[in-house]
Amino acid sequence: MFKTVILDDDPFAREMLSDLLAKHSDRYVVTAFFDSVKSAVKSLPGLAPDLVFLDMELTDGKGFDILEKLGNIHFEVIVTTMHDSYMLQAIKHSALDYLLKPMNSNDLDEALN
């Protein structure tokens, strides 16, 4: 079982991704949702997730701000965004994959496999 966290400031996007994950497999359990850099930085270390879906445009900064503030992370990251301009930064932050919104189940399946 993979403890999964979704970071996105759009409630609809969070729900959609959570539903897609539930349909994909019962191996991915969403343990938390965050919509801001501040809340994620405060809580992520204590949650010890295996996988984080990271939106780029959050209420108080960019998704990469979280990774930079946490420093040494011990989870995989899949970037989820409506913008293709963050791809190079995603590579530099060793993101597992990069999903453009709106994502579909095929895109998610490929990223998780």
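Strands here are DSSP runs of E with at least two residues, helices are runs of H or I with at least four, and both are numbered from the N terminus. Two strands count as paired if DSSP finds at least two bridges between them. Leu-7 stands opposite Phe-34 in strand 2.

The model is predicted: local features need pLDDT of at least 70, side-chain atom pairs count only at pLDDT 80 or more, and totals for chains, interfaces and linings use all residues. Residues are numbered from 1 along each chain as its sequence is written, and side-chain values use heavy atoms, with hydrogens and water left out.

## Helices on the sheet

Helix 2 (residues 37–47) packs on the sheet and touches strand 1, strand 2 and strand 3 (51–55). Contact means heavy atoms within 4.5 Å. The direction of helix 2 makes about 150 degrees with that of strand 2. Axes are lines fitted to C-alpha atoms, for helices over the stretch in contact, and angles run from 0 to 180 degrees between N-to-C directions.

Helix 3 (residues 63–70) also packs on the sheet, touching strand 1, strand 3 and strand 6 (76–81). Its direction makes about 135 degrees with that of strand 3.

The open sheet has 5 strands in the order 2-1-3-6-7, with parallel pairing. Strand 2 (28–34) and strand 7 (97–100) each have a single partner strand, so one side of each lacks a neighbour in the sheet.

## Thr-81

Thr-81 is found in strand 6. Thr-81 is buried, with a relative accessible area of 0%; buried means under 20%, exposed over 50% and partly exposed in between (1.4 Å probe, protein chains only). Residues touched by Thr-81 include Asp-55, Tyr-98 and Leu-99, not counting residues up to four places away in sequence.
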